[in-house]
There are 2 protein chains.
Amino acid sequence: MSLIVHKYGGTSMGSVERIQNVARRVAKWHAAGHQVVVVPSAMSGETNRLLGLAKEISPQPDPRELDMLAATGEQASSALLAMALMSQGVAARSYTGWQVPVRTDSSFTKARIKSIDDARIRGDLDAGRVVIVTGFQGIDEEGNITTLGRGGSDTSAVAVAAAMKAHECLIFTDVDGVYTTDPRVVPEARRMTVVSFEEMMEMASLGSKVLQIRSVEFAGKYHVPVRVLSSLTDPLMPLEDEMASGTLITFEEDQKMEAAVVSGIAFSRDEAKVTLLAVPDTPGVAYSILGPVAAANIDVDMILQNQSVHGTTDFSFTVNRNDFSRTLDLLNNQIGPAVGAAQIVADDKVCKVSIVGIGMRSHVGVASLMFRTLSEEGINIQMISTSEIKTSVIINDKYMELAVRALHKAFGLDQDGSQQGRP
Amino acid sequence: MSLIVHKYGGTSMGSVERIQNVARRVAKWHAAGHQVVVVPSAMSGETNRLLGLAKEISPQPDPRELDMLAATGEQASSALLAMALMSQGVAARSYTGWQVPVRTDSSFTKARIKSIDDARIRGDLDAGRVVIVTGFQGIDEEGNITTLGRGGSDTSAVAVAAAMKAHECLIFTDVDGVYTTDPRVVPEARRMTVVSFEEMMEMASLGSKVLQIRSVEFAGKYHVPVRVLSSLTDPLMPLEDEMASGTLITFEEDQKMEAAVVSGIAFSRDEAKVTLLAVPDTPGVAYSILGPVAAANIDVDMILQNQSVHGTTDFSFTVNRNDFSRTLDLLNNQIGPAVGAAQIVADDKVCKVSIVGIGMRSHVGVASLMFRTLSEEGINIQMISTSEIKTSVIINDKYMELAVRALHKAFGLDQDGSQQGRP
C-alpha cells in the first residue's frame, strides 16, 4: 500500500461526465489498496469566467479580492469530485486550502507555500477515505485566502506529495507526457518516457506549459517523483499500464541518457524586453535598477549589461509580458530618472527559445550549432543567456515557430535515434 | 453616524452592471458618513447552477460537500462587490463566513448561527472601510463550511446587525416591500409601510417569500429594526427617501394598527401531509412518532391528533414537501411498524393558506369568516391550526390561488380603507 497523490487539470474536471471519470480512476487506485490524495483544478473555463467578471468590474482588480474570487473555482470542483466518489461508494472528503491548512505568504495572486499541515488529511486517509484538497490556494498569516497563480494546482499537488512523503505524484493532464517540444509547433515532436529533474526544471522555466515551474522546484527540493500522464485514457486501464505511461521526472541520471545531447526545445512568447541606454556605470547601478523592480513583485528573467563605454553602459532585462506596462511605468517615472538613463527602449514583441539537455555538460559546440542554425534562417539574436544545461536566446517573436522547428531538426530530435538511450 | 447593514439578494447582484449599482448605493451611504456592512447573496442563478451540477453527479449529494460547493457563490459575489466598491474609490474588504467567523452548528445545508465575532469587521469599519460579509454561510466547530439553507443570507444580515447592534438592517430585494399577499396571485395586493414583528413572523413562517423565517426570528430576539426595500430604484436616490421606502418591521405596536383586523394572507405550496391511521392511543405515542422525525432533522409544521375511538387514534402532521419522501420512508420502514399504525396515508398535493393580523387578538369571528369564505368557494378544509394572531388551513393545492383571492377580498385587504391606520 502506497500513498499516491493525483492531480487533475481543468480539462480533466471540465464536465460532470469527466468528473465522474476522474472518480472512477481514483476509485480504481483506492480499490487496489492505495491511499489517495487528489488535487483538482477548477473546471475548465471557470477561472477565466471568474477573472472575466473581475475585469469587467475593474481594469485592475484588488489582488486580495481576486484571490477570494478565483479560489472558489477549485472549492467547487473539489466538492463535486467528493460527491462523485461517494456516489460510486468510495468514502471521500474535500478540504479547501485554509482547512488543511496550506500556509502561504501574502503575495496575493502569486503566493508561495510555506508549510502544509498533514494531520487532518492523514486522519482521513487512515479512516479509509480518499482526501481531496483544493489546488491553487492557501491561507496567509492574517487568515486571508491566497492563490498560487496560474497552474498553481500542480504546485499544490507536489507540495502535498512532499509534505506527506508520497510514493509518487501523478499529474493527469490533457497531454500524454513531456515532449521534445510543443507538438502543435513541431509535428515531429516526440514524447520522452523519462526526463531528468534538471531538464524538466529548465523546460518548465523556459515556457513549456506542461508543468508549472514551482511544482518542479518543489519536486526537486523534496525529491518527489512526478509523473505527467493523460487523463483521457480509459479510467479503468490496468494500474501497471498506467504507471508505465506518461513521462517520469526522475532524480537519477541514467547513464543511457548521455546519448542525447539536447533533450528538448522550449519556448515562450510571454516575454518583453526593456533597455536603459547610457546608464552611468557606477557601483550599485544594477541594484538601483532591479531593486525597485523586485520590490514591485515583478520577476526579472534575463539580465544583460554591456561593456562600459565612456563611463556609461546599456542595461537590458526581460520580464513577463503581463508585467510589461507596469515595468515600463516604473522605468519611465522612477528608475530611469533616478539612475540617469539617457533613454528607455522597450519591446514586447520578443520571444525566448531555448535548447535544453543534461548532455550539454559533456559536449562542446552545442551553443554554436544553435547560433549557426538561427543564422541560416536569417533570425537575429537579441540577447543570449546560458546555464550548464541550456542556452536561451531572445528573438523577434514572429520567428518563434521557425526557430523552434529549425532547432528541433538540427539537434536530431525528430529522429528516433536521438532518444534511443531513453527507456 | 450610524452603523447600517445592507443585504442584497441574488437578483440585485445578478450581473456586473447590477453589482456596480449596488456599489453606487453602498458608496452613497458610506459618503453620508455611515458605517456600512454589506451582506450579498450569490449572483442570481449561481446557486441553482451549482446545485444542478451536484444533482447531476449524485441524486443525493453529501450535505457537507453540498455546503462546500454552494458557499462558493456568495464568496465570489462578495469579492466582486469589494472590487466594484474599490473601483469607485471606496475602501472595502470582503470576508467569508469562516473568516469573520460566523460560527454555526453542524447541520449541513440548514445550519443555525451560534455566534458572530465582530472584532475583524469592527476593525475595518473603524479604518473607514466598507465591510462585505458573505451571506448564507458559516463554519462549524470542526472547521467545516456550513450553509444556512435557502434565503440564509437574510439571516446572515440580521445576525450581523444584531451582533453589531446596527441602527437598522436594510434588506434590498426585487420587491419594494411586504404586501398584504403575493401580488402575482392577487393583483389588488397592497404594500404595507409598517408591519409588526409578530405579523411578519407569521407571514414569513407561513410561506411569504419576502424574508426567511429565521432572519425574522433573529430580528425579534435581538430587536433589530429591519426594512425590506427595493434594489431596483435609482441607487443615488436621496437617503431620506430611501429610509422612508419599503416596509419597516417594527417592535412597537402602534395604536393605529388596531384598525386592521387581518393584515395579510400568507400561503405556501411547499407542504405535504402524512397520516398514521388507527394508532394505539397510549401515552408517549406522539413522541414515538415525532421523535424519530426530529432526529432525522425534518421540520414538522402542523400536528393533529383526533379524539380516540375504540382505543386508537389517527395522527396527522405536515412537513416541507422536500422532506416528503424521507418522511414517508421513515414512517413506512420504522415509525409505522414501531407504533403499530394500521395504515399510512400521505398527500403531497396540499397547500397552506393563512390569515395573519395582530388585530385578531381583540376581534372575534375572524376564523369563522375565513371558514365561511372557503366554504362558499366549495373548498374543503383538511387541517386547521391557529395561534393568537393567525389561522391556517391545509387545503388541496389546486385551490390555493382561489382561496387566497377570496380571503383577500373577504377581509377587505384590496380596499385602501383596511390599511388607512398605517402611516
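**Reading a loop residue and a helix pair**

Modeller: A:D174 is partly exposed, its relative accessible area being 43%. The model is predicted.

Colleague: Where in chain A is A:D174 placed?

Modeller: A:D174 sits in the loop that joins β9 (168–173) to β10 (178–179) of chain A. Leaving aside residues up to four places away in sequence, A:D174 touches A:T11 and A:L232. According to UniProt, in an unreviewed entry, the annotation "binding site" covers A:D174 together with residues including A:K7, A:T173 and A:R184.

Colleague: How is a pair of packed helices to be described?

Modeller: Two packed helices are described by the angle between their axes and by the distance between those axes. Here, the axes of helix α3 (residues 63–87) of chain A and helix α3 (residues 63–87) of chain B come within 8 Å and cross at roughly 170°.

Colleague: Are α3(A) and α3(B) roughly parallel or roughly antiparallel?

Modeller: Angles over 145 degrees count as roughly antiparallel, and α3(A) and α3(B) are therefore roughly antiparallel to each other. The crossing in which α3(A) passes α3(B) is left-handed. In this contact, the residues comprise 20 nonpolar, 5 polar and 2 charged.

Colleague: Which residues of chain A does UniProt assign to the feature "domain: ACT"?

Modeller: The unreviewed UniProt entry places that feature at residues 274–347 and 355–423 of chain A. For residues 274–347 of chain A, the end C-alpha atoms are 6 Å apart, and the span is 36% helix and 36% strand.

Conventions:
Residues are numbered from 1 along each chain as its sequence is written. Chains are lettered from A and ligands numbered from 1 in the order in which they are written. This is a predicted model: local features need pLDDT of at least 70, side-chain atom pairs count only at pLDDT 80 or more; totals for chains, interfaces and linings use all residues. Side-chain values use heavy atoms; hydrogens and water are left out. Axes are lines fitted to C-alpha atoms, for helices over the stretch in contact, and angles run from 0 to 180 degrees between N-to-C directions. Helices (H or I, at least four residues) and strands (E, at least two) are DSSP runs, numbered from the N terminus. Angles under 35 degrees count as roughly parallel, over 145 as roughly antiparallel, 65 to 115 as roughly perpendicular and the rest as oblique. A crossing is left-handed if the near helix is turned anticlockwise from the far one by less than a right angle, and right-handed if clockwise. Ala, Val, Leu, Ile, Met, Phe, Trp, Tyr, Cys and Pro count as nonpolar, Asp, Glu, Lys and Arg as charged, and the others, Gly among them, as polar. UniProt positions are given in the numbering used here, feature names are shortened, and annotations may be inferred rather than shown by experiment. Buried means under 20% relative accessible area, exposed over 50%, partly exposed in between (1.4 Å probe, protein chains only). Contact means heavy atoms within 4.5 Å.
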